[in-house]
Amino acid sequence: GFRGEPNPELTVRWTQFGALSAALRVHSTKDARLDRRPWISGERETAAMRRMYHMRSELMPYIYSSVWQTHSTMVPLNRPMYIDYGSDERAYDNEQEFLFGDILLAAPITSPGEGADKTASQKVWFPAGDVWYDYFTHERFDGGQECRIAKPLEEFPLYVRGGWVLPMQPYTERMCSTPLTELIVRCYPGKEGANNTYILYEDDGLTQDYLQGKYATTRLNYQKSGGQTIITVSPVEGTYEGQPRKRAYRIELPGIPVQARVSVNGKKARTTPNQELNGVIVPIKVMDIHKPIVIKIQ
């Protein structure tokens with residue numbers, strides 16, 4: 001995809017890797033045979049790449065927050081497994097995968113696929129101590145094992161750490177500067193005793209005003225104890241130019257059965273089954289960003 005003969009399949013796989021990096025770029029060596037426009041690769045390949053561009057936009061609240069974490073702590077955005085799991089020897093033997101921020105684990109496909117779906121496989125090591133969920137299929141994988149994962153052209157091995165809050169947004173073409181007027185809160189089930197907090201970071205997405213302290217943070221906490229799960233969206237702290245004062249929320253709960261009892265701020269919530277998520281969705285109407293939201297699941 002970067003040099004040599006045009007290879008639409010490889011271009012798709014390159015795009016999937018790029019979607020989980022600091023900058024999603026489509027580029028190549030200067031060669032008349034190569035064309036970087038993604039929409040000329042073929043109908044299926046174009047659709048597969050479009051899915052990655054949309055995923056990148058939907059994940060931008062998480063990506064933007066993770067980049068802020070890198071800016072603040074110097075912990076890499078794309079990090080080899082031994083940074084988080086250095087006490088496990090296998091962390092040094094699985095260079096084909098990496099963590100993307102605190103919550104996502106990726107092992108991009110790098111080999112040619114076979115058949116009509118161009119299915120290819122990749123080895124994935126799931127570190128012990130956590131549970132992991134396929135971002136595309138929501139299948140659960142317990143930590144402490146290695147699996148060979150096969151994926152069609154449209155997907156690749158990408159996993160969400162269970163027991164954390166993954167902040168997302170609806171697709172938008174201006175992913176960094178569109179006001180976050182609807183926050184998608186996706187939570188995959190964690191282990192008993194889980195108590196994890198992720199910090200959502202926001203600024204105007206346009207200027208360097210953040211260097212003068214003009215930004216906002218929101219604590220997103222997940223707790224599971226005694227058969228009850230509590231998800232807390234704390235009041236927003238900080239301000240910046242153009243900050244939305246109110247927003248709606250979409251609570252996505254993969255793996256939660258329809259019959260589960262869900263409440264929001266002490267009131268029974270109406271859940272909507274979602275087959276694609278293999279779980280339920282709890283919509284929350286527009287409310288002040290300075291008011292807490294507490295979701296309880298039993």
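This is a predicted model: local features need pLDDT of at least 70, side-chain atom pairs count only at pLDDT 80 or more; totals for chains, interfaces and linings use all residues.
Select Arg36 to begin: apart from neighbours within four places in sequence, this residue is in contact (heavy atoms within 4.5 Å) with Val26, His27 and Ser28. Arg36 lies in the loop between α1 and α2. Helices (H or I, at least four residues) and strands (E, at least two) are DSSP runs numbered from the N terminus.

Residues are numbered from 1 along each chain as its sequence is written, and side-chain values use heavy atoms, with hydrogens and water left out.

**Helix α1**

Next, select α1 (8-19). This helix has 12 residues and reaches 17 Å from its first C-alpha to its last, close to the 16 Å expected at 1.5 Å a residue; the expected span is 1.5 Å times one less than the number of residues. Within α1, Glu9, Thr11, Val12, Arg13, Thr15, Gln16, Gly18 and Ala19 are buried. Buried means under 20% relative accessible area, exposed over 50%, and partly exposed in between (1.4 Å probe, protein chains only). The cover over the buried residues of α1 includes α2, α3, β4 and β7 (145-151).

**Helices α2 and α3**

Move to α2 (residues 43-58). It has 16 residues and reaches 22 Å from first C-alpha to last, close to the 22 Å expected at 1.5 Å a residue. Its buried residues are Glu45, Thr46, Ala48, Met49, Met52, Met55, Arg56 and Ser57. The buried residues of α2 pack against α1, α3, β2 and β8 (158-161).

Now display α3 (residues 60-73) beside α2: the two pack at an angle of about 60°, with their axes 5 Å apart. Axes are lines fitted to C-alpha atoms, for helices over the stretch in contact, and angles run from 0 to 180 degrees between N-to-C directions. The two helices are therefore oblique to each other; angles under 35 degrees count as roughly parallel, over 145 as roughly antiparallel, 65 to 115 as roughly perpendicular and the rest as oblique. At the contact, Arg56, Ser57 and Glu58 in α2 meet Met60, Pro61 and Ile63 in α3. These residues divide into three nonpolar, one polar and two charged. Here Ala, Val, Leu, Ile, Met, Phe, Trp, Tyr, Cys and Pro count as nonpolar, Asp, Glu, Lys and Arg as charged, and the others, Gly among them, as polar.

**Aromatic pairs**

Rings of Phe, Tyr and Trp (its six-membered ring) pair if their centres lie within 6.5 Å; planes under 30 degrees apart count as stacked, over 60 as edge-to-face and the rest as tilted. The count comes to 17 aromatic pairs. Select Tyr85 and Trp125, an edge-to-face pair at 6.1 Å centre to centre with 75° between the planes. Tyr85 is in the loop between α4 (81-84) and β2 (98-100), and Trp125 is in strand β4 (residues 120-126), 40 residues apart. Tyr85 counts as buried at 12% relative accessibility, and Trp125 is buried at 0%.

Then select Tyr135 and Phe136, an edge-to-face pair at 5.4 Å centre to centre with 85° between the planes. Tyr135 is buried at 7% relative accessibility, as is Phe136 at 11%. Finally for the rings, show Tyr64, Trp68, Tyr201, Tyr210 and Tyr215, which ring pairs link into a cluster.

**Ser87**

The last stop is Ser87, in the loop between α4 and β2. Ser87 is exposed, with a relative accessible area of 79%. Ser87 and Thr217 are 130 residues apart in sequence and 31 Å apart in space, C-alpha to C-alpha.
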